[in-house]
Amino acid sequence: MALVSSSTALAEKISWYCALLMALMLVLSCCETSETSEFIVLQPSNVSNKPCDEIYVVREGETLHTISEKCGDPFIVEQNPHINDPDDVFPGLVIRITPFKNW
């Protein structure tokens, strides 16, 4: 009987420590920052001045308006006939960019 209660107590202690470890890992993962996200959030002007390639792959959270401003191409919809609805832009969509210099 003493063997059963001591093994139960040991199992409870191990479970408690595992729960604390998981909680600590969760807190630390929420506090972790990425250098890339800081660069994008803190310095968007540097990113927007960067010229875009002729072939552009849409990223998450982007719209045709933000891509147009970023790449200097106000005629994205006209140059991409495969875009039927300008509001239906999704990550991974490939579009053609032609920068307009006077824009």
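1. Let's start with cysteine 52, which is buried in this predicted model. Its relative accessible area is 15%, and buried means under 20%.

2. Cysteine 52 has a partner: cysteine 52 and cysteine 71 form a disulfide, with their sulfur atoms 1.9 Å apart. Cysteine 52 sits in the loop between α3 (44–48) and β1 (55–57), while cysteine 71 belongs to helix α4, so the bond ties together parts that are 19 residues apart in sequence. Searching the whole structure turns up 1 disulfide.

3. If you like to check handedness, look at the torsion about the S-S bond of cysteine 52 and cysteine 71: at about -75 degrees, it makes the disulfide left-handed.

4. How do the other cysteines to look at compare with the cut-offs? Cysteine 71 counts as buried, at 6% relative accessibility. Cysteine 18, at 43%, counts as partly exposed.

5. Helix α4 spans residues 64–71, and its buried residues are Leu64, Ile67, Ser68, Lys70 and Cys71. These residues cover an arc of only 165 degrees around the axis, which means that they lie on the same side of α4. After α4 comes glycine 72, with a positive phi near 75 degrees.

6. Stepping back to the whole protein chain, you will find 5 helices and 2 strands. Read from the N terminus, their order is α-α-α-β-α-α-β.

7. A few totals complete the picture. Of the 103 residues in the protein chain, 17% are buried. The chain exposes about 8400 Å², with 63% of that area supplied by carbon and sulfur atoms. Among contacts between residues at least 6 apart in sequence, 54% join residues at least 24 apart.

Note on methods: Residues numbered from 1 in each chain as written. Predicted model: local features only at pLDDT ≥ 70, side-chain atom pairs only at ≥ 80, totals over all residues. Heavy atoms only, no water. Helix = DSSP H or I, 4+ residues; strand = E, 2+ residues; numbered from the N terminus. Buried < 20%, exposed > 50% of the residue type's maximum accessible area, 1.4 Å probe, protein only. Contact = heavy atoms within 4.5 Å. Areas by Shrake-Rupley, 256 points an atom, 1.4 Å probe, with all protein chains shown as cover. Arc of directions from axis to C-beta. Disulfide = S-S within 2.5 Å.
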